[in-house]
Each structure stands twice: as C-alpha cells, then as structure tokens.
2 protein chains.
Amino acid sequence: MSDLFTPADFEESGAGPLYVQLHRLIAEAIASGRLKPGDSLPPERDMAAMTGLSRVTVRKGVEALVASGQLVQKRGSGTFVAPRVERLEQALSLLTSFTEDMARRGRRVESRWIARGLHAPAPEEVMALGLGAGDRVARLERVRSSDGVPLAIERASLPAALLPDPEAVEASLYAVLEARGSRPVRAVQRISAANLGPRDAELLGVPTGVAGLRIERVSYLPSGQVVEFTRSLYRGDAYDFAVELKLAPQNQDNAAERIAP
Amino acid sequence: MSDLFTPADFEESGAGPLYVQLHRLIAEAIASGRLKPGDSLPPERDMAAMTGLSRVTVRKGVEALVASGQLVQKRGSGTFVAPRVERLEQALSLLTSFTEDMARRGRRVESRWIARGLHAPAPEEVMALGLGAGDRVARLERVRSSDGVPLAIERASLPAALLPDPEAVEASLYAVLEARGSRPVRAVQRISAANLGPRDAELLGVPTGVAGLRIERVSYLPSGQVVEFTRSLYRGDAYDFAVELKLAPQNQDNAAERIAP
DNA sequence: TAGTGGTCTAGACCACCAA
DNA sequence: TGGTGGTCTAGACCACTAC
C-alpha cells in the first residue's frame, strides 16, 4: 500500500489539476481492487510528502471520494476504504409502509423520533392535505434504521382529524391508521435526487453533500381524502427502488395521465 | 446586498465551524428571498474582508451551495444565485421512450451522440442481456437535452441480433425497434441516487458531486427475451419521477414479488 | 487591463483516538 | 502521549471574462 503514491507514479498520472490526478489515482486503486474495503490509506501528511503536494491539496483530492461514500475518514484514527453497503431494494408499485416492507424481508426496524406533535400547518401542508381554516396538523419526524444503520429520514404530516394523538404512533404509522379505519389505498409518489444538507447528513450518519433519494408521497383514502403528506430522504448508496413498467396503453384513462397530464 | 455580511451579523450567526456559519447565512438569504435567482454575490475576496475570514474559508462555505446547484460560479465573472430550473415530471408506470415522453409535453429533444457501435460485450452486458458465446453487443451512448439543457446521459446496450446497425438510430431507439418488430412490452427499472463523477458532471454541464438519479432498465419482448439494458443518469435538480401506488394485495403473484422476492 | 474564480502552498492550532 | 483528521490563515500564481 505504501507503494501507491510514489512521486514517479504521480508524475505520469496525466493531465488536469493536481487534486484531480490524486483523486483518479485513488479511485482507480479502489476500482481495481488494489485497495479493498477496510484498508487504510496513508495519513494525509504522508500522502502529501509522497506526492509532493500540500496537505490542503491532498484533502481536496480525497474530498470527493469521501462525499460519494467510497472513503470514510475518522478523526484521530485515519482514512479507510468504505465497507461495502448492502443495497436494499424496495418495490415501488406497492403501497406499503417502511415497517411492513422491512419485516417482509426479515429485518429489524428501529425508529428514532425527532419530533412528534400537533402544530399549526405550514402553507405547504395546507395545500397538500387540503386543510381548512383552523385545522391542525400532526407531524411525525423520525430516522428509520435497520440493523443499526440509518437508512431514511421520514417527515410525515397528517390532518389532526385523522391522527389526533401523534404520540400514539410507535413503530408503524400505517398500523395506527389501520386501527383507526383510515388506512390509505392509493398514493402518488414523486422521486428525485438531492445532495444532503448538513442536518440531514448528520441524521443519516453520512458526510454532507452525499446524494440522497428524495421521495414525496401523498396518500389517499378510498373517499379521495388525503391521509398523509410525507417527505422522505433515503441514503442513495443504500437504497434501490424497483418498478415494473408496462407498454404504454393507448387509452387515456390510466394512472400516468392522472399523474402527469 | 452589500449589507448581507456585516462583521456584526457574522458574529451572531451561531455556533460551529466558520465555513458552516457562512454557508447557513447564504442559504438563509436564498431561502428567504433576500437573494433572488440571478443575483450576484460579492466577490470571494470581498466576502472574506467583510466577514474577517480567509478566502479559502469563504470558498469552503460556498462550496456546498455550488455543489447542490443553488449557486453558480463563473470564472472571470462572479458568483450568482442559480436560476430556477423547471422540474420535469416523468410518469414511471409507463414504458415510453425519452423522445416520446418529451414530445407528449411539447418539448423538443436533442441528442448528442457520444458513442455508437458494435462491440464485444462486457461481462455485465452478457449477464443482463443473456448473450451467448461470440454474440456481439450494440452500444449507444448519448446526452439527452431539451431546449438546449442537458437532462440525462443514456447508455444503452442491445444484442447485436436485435440492432445490427446502431448507426441507424437517430432520435428514438424505440422507433427503430418498433420498425424492426422488436419493441419491448415490459421492463424493470431500478432507481437510486449517486453523486456525479467528473466525466458525467461535465456531460450534463453541472459541477462534480451534484446528486443524480441513476436508473437501470432492462426491457423485454413478449417472448421474454431481453431487448435492452440501459443505464441512465438524470440531473437530480431537473427531474422528478412520479409513480402511483396501490394498496398491497394479499396474493403472492404480483409484480413486486417478481422484482424483490 | 482590471477583476473574477480556480488552484496551490506552508504552516498553524484544535479535537479526537488509541496505546 | 503521539498521531490522526478538521479547521483556518496569508499569500501567491493562473485562466478566464468583461470592458
């Protein structure tokens, strides 16, 4: 490992800014398997000496690899190749709760509550939930983990009429809704990607800037009333969403047209 | 705008590293509307003087906002609040091509070809396409844009038997497949998020590290043969995928079980 | 040409971890 | 206690843009 960055190697490593060259050198070492998960990199000061760069430049070269989750830095300890994270796959075409979904594949689910209570609704919530004047909203915010690994942040808003006592929700929101006879039967989700901000990244235990999957879900009762408006952030490196597509039908009365006319 | 960063403001701006404080200050100014799209920030050297920080620290504070697309930096010109990018929404439950999808909402589509040809398959392609010994693979790599804005990178692999002449593909791959009588009727997609590497970021005209939506699609003929194996990267800030969910049925023979048993 | 962001340096101090 | 990463500085040169 100490022969990773001889000054000679570094000279030949191609064009571009020095920190990009270093980034490429390390990324290739990981991709080729010369650096394996759990391996440690030389200390930053050593890498600087070996390459002839300043420590600031070395850190800049390493930065993107840390941000993308390929390297892990531990203060006081060192820089390591990240362990392989097992990707979980979730089927997108079914309306299930996180708890149910994990249970189905035999995983324990832990929830850490960040906030739980009744509030005056934000304008966004009034819109999404179709609230009237004076209506209150139940908010649930928690970090979902499986086997000790944080996987997602979930921020749910429901009309207080449907969930007057948010404190009653323990593991599964849908279980509580089911008991109250207001389990949703239909939902529309929007999926996009975003870099995690400092707060969200800390909640998920990853560096700021890592790519996350952002999912907005609006769920409906059979009557058409909105049950929940949930914004979730999943770790991009730990989650896959899978969906099956069918050939676009010619008739106009299908789900897609309702979603994106 | 020049009163954004008085030393006084900065003193009160709370705890944490200095660059985080600066980041928060700017982020709040954008969120609150005090900084609007198109507005310019003071030059880095000026911000350093106004806050009492070094320029390196100012750059570090701005960095995350540039990576997440909220700010745009132009060498020789300045730092600006990013224009609002109109988010496009794509329905996930239908099997349509990019070209058809855009046409349906009245948008022009441009494709820039990066590569197009017949090759010996990579192991990954042999697996996904179910190729036999000696089979060749047609590869199509292009950047998809709409109204001049790059939206996605598309890397498609097909059995050469189904597409012996990749050069024949112009705008729509599915149109060519349709003409050859081998248009897919079913597909399975996997969606995740990833930070864009330098190469992909450059193709999409965004900074390295921005969050992108990564989509892997495998499409099938009615016979069950695989038609295409496509890996796409969408700009996370420009694309939403929408999908409608239904209540999970109790029977075991449904799409989700086939996708994620 | 003057001003901007992009890169890079040498050196410093701190917080944290492991022996 | 010694070594690690985390933060920060003052100053330099370059490439590019706008005038």
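Colleague: Which residue in β11(A) does Ile153(A) stand opposite?
Modeller: In this predicted model, strand β8 (residues 149-159) of chain A pairs with β11(A) in the antiparallel sense, over 6 bridges. Within β11(A), the residue opposite Ile153(A) is Leu233(A).

Colleague: What is the bridge partner of Gly212(A) in β11(A)?
Modeller: Strand β10 (residues 211-220) of chain A runs antiparallel to β11(A), and 9 bridges join them. The hairpin of β10(A) and β11(A) has 5 residues between the strands, and Gly224(A) takes a positive phi near 100° there. The partner of Gly212(A) in β11(A) is Arg235(A).

Colleague: How many of the 10 residues of strand β11 (residues 226-235) of chain A are buried?
Modeller: Buried here means under 20% relative accessible area. The strand β11 of chain A is largely enclosed by the rest of the structure, because the buried residues number 9 of the 10.

Colleague: Which residues of chain B are in contact with Tyr239(A), leaving aside neighbours within four places in sequence?
Modeller: Tyr239(A) is among the residues with the most contacts inside the largest nonpolar core, which has 28 residues. From chain A, the contacts of Tyr239(A) include Phe98(A), Met102(A), Leu213(A) and Tyr234(A). From chain B, they are Ile191(B) and Ser192(B).

Colleague: Which strands stand at the edges of the open sheet of chain B?
Modeller: The sheet has 3 strands in the order β1-β3-β2 (chain B), with antiparallel pairing. Each edge strand has a single partner, so one side of it is left without a neighbour in the sheet; the edges are β1 (40-41) and β2 (71-74) of chain B.

Colleague: How far is a polar side-chain atom of Arg45(A) from a base oxygen of DNA strand D?
Modeller: Phosphate oxygens of DNA strand D lie 2.9 Å from a polar backbone atom of Glu44(A) and 2.5 Å from a polar side-chain atom of Thr57(B). For Arg45(A), the distance from its polar side-chain atom to a base oxygen of DNA strand D is 3.0 Å.

Key:
Residues are numbered from 1 along each chain as its sequence is written. Chains are lettered from A and ligands numbered from 1 in the order in which they are written. This is a predicted model: local features need pLDDT of at least 70, side-chain atom pairs count only at pLDDT 80 or more; totals for chains, interfaces and linings use all residues. Side-chain values use heavy atoms; hydrogens and water are left out. A polar contact is a pair of N or O atoms within 3.5 Å; within protein, one must be able to donate a hydrogen and the other to accept it, and residues adjacent in sequence count only if both atoms are side-chain atoms. Buried means under 20% relative accessible area, exposed over 50%, partly exposed in between (1.4 Å probe, protein chains only). Helices (H or I, at least four residues) and strands (E, at least two) are DSSP runs, numbered from the N terminus. Two strands pair if DSSP finds at least two bridges between them. A nonpolar core is a set of buried Ala, Val, Leu, Ile, Met, Phe, Trp, Tyr and Cys residues joined through side-chain atoms within 4.5 Å. Contact means heavy atoms within 4.5 Å.
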